[in-house]
Amino acid sequence: MKVSIIGSGNVAQQLAPVFKRNKCIIYEICSRNPAKGKALAKRVGAAFINNISKVTDTGGVIILAVKDDAIEEVIKKLPALQNTLVIHTSGATDISVLKRFKSSGVLWQVQTIQARTKVDFRKVPIVIEGSNTPAEKKLAQLARMLNGRVYIFDSYQRSVLHLSAVWSNNFVNHLCHLAEQLLKKHRLPYEILGPLLMSTAENALKNPGQSQTGPALRRDKKSMAKHLTSLNNEKHLQQIYTLLSESIAKINSK
Ligand SMILES: NC(=O)c1ccc[n+]([C@@H]2O[C@H](COP(=O)([O-])OP(=O)(O)OC[C@H]3O[C@@H](n4cnc5c(N)ncnc54)[C@H](OP(=O)(O)O)[C@@H]3O)[C@@H](O)[C@H]2O)c1
């Protein structure tokens, strides 16, 4: 299968080598960033181009691995692509944005992906959606190369899953970042939270509803007031603390 990729960021850099290892021909890497785009093209033996309107209609697959807000702009610039399956990799973007193409789809990886960290795709659930049966078959073939579990969901279901991924990964990670900054500020070791973070993940995986502890659940008002006072100079952190505490209290009062 001939695979071309638009973009040279995190997802492009992880997917291109995997498809190449699975005997795909990585045909073109199209990127507005020549340094990153050329480096990726060289790594996977592809041609480098920077003009989206010149992307080749190979009869294979074109993966739009650009930021969500750029997907529609990129689609407008693409040529007709009568023979090629055109897909994006976004959890939050509807398949309908690709309706100008005869064959289109979505391949979303339910994992946090960074270019610099090796991804074991065997452990990454893949959510696909095709605009028609042949598109879905081709997508399934592509998804199977990643060796993880493949799910077929529509755009609405995918957007719900994406929101749940933002809650459980992006926001949780942000809170860990805040914890790390707080400890650094007071010259205390972040690694002391290691066992706690591990049990957070283990418990949350089994039963998050039954795993909540802490001052907001116990309604320990004095402790909460003390925390808020120590966040004195940072109003937005106080707001986050208060909102999350209220949410914990509300969900556990039902
Ligand atoms: N990273 C994840 O954890 C993850 C997981 C699953 C799905 N996804 C999805 O995968 C897609 C790519 O994400 P990513 O993490 O790889 O993003 P990224 O690392 O930020 O890379 C985005 C790529 O899009 C290019 N780009 C941005 N705006 C553009 C525009 N207006 N025209 C043309 N190219 C443009 C960027 O070029 P420059 O380098 O020049 O800015 C870069 O090559 C997104 O739809 C995202 O939702 C990401």
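**Entry 1. H1 against H2**

I began with the contact between two helices in this predicted model: Ala12, Gln13, Ala16, Pro17 and Lys20 in H1 meet Leu40, Arg43 and Val44 in H2. I sorted the residues of this contact by type and noted 5 nonpolar, 1 polar and 2 charged.

Next I looked up how the two helices lie. H2 covers residues 34–44, and its axis comes within 10 Å of the axis of H1, with a crossing angle of roughly 15°. For the hand of the crossing, I wrote down right-handed for H1 passing H2.

**Entry 2. The ligand shell**

I then turned to the residues around the ligand. Which of them come nearest? Out of 24 residues, I listed Gly9, Val11, Val66, Ala70 and Ser90.

I also checked which elements supply the shell. Helix H1 (10–21), helix H3 (71–77) and strand E6 (104–109) each give at least two residues. H1 has the largest share, with 3 residues.

By type, I recorded the shell residues as 8 nonpolar, 11 polar and 5 charged.

**Entry 3. The two domains**

Last, I looked up the domain assignment of the chain. It gives domain 1 as 2–153 and domain 2 as 159–251. I noted 35 Å between the C-alpha centres of domain 1 and domain 2.

How many residues are in contact between domain 1 and domain 2? I found 6 residues of domain 1 in contact with 5 residues of domain 2. On the side of domain 1 that touches domain 2, I recorded 4 nonpolar residues, 2 polar and no charged.

Notes. Residues numbered from 1 in each chain as written. Predicted model: local features only at pLDDT ≥ 70, side-chain atom pairs only at ≥ 80, totals over all residues. Near = placed C-beta within 6 Å. Helix = DSSP H or I, 4+ residues; strand = E, 2+ residues; numbered from the N terminus. Nonpolar A, V, L, I, M, F, W, Y, C, P; charged D, E, K, R; others polar. Axes fitted to C-alpha atoms, helices over the stretch in contact; angles between N-to-C directions. Left-handed = near helix turned anticlockwise from the far one by under 90°. Contact = placed C-beta atoms within 7 Å. Domains from an automatic or database assignment.
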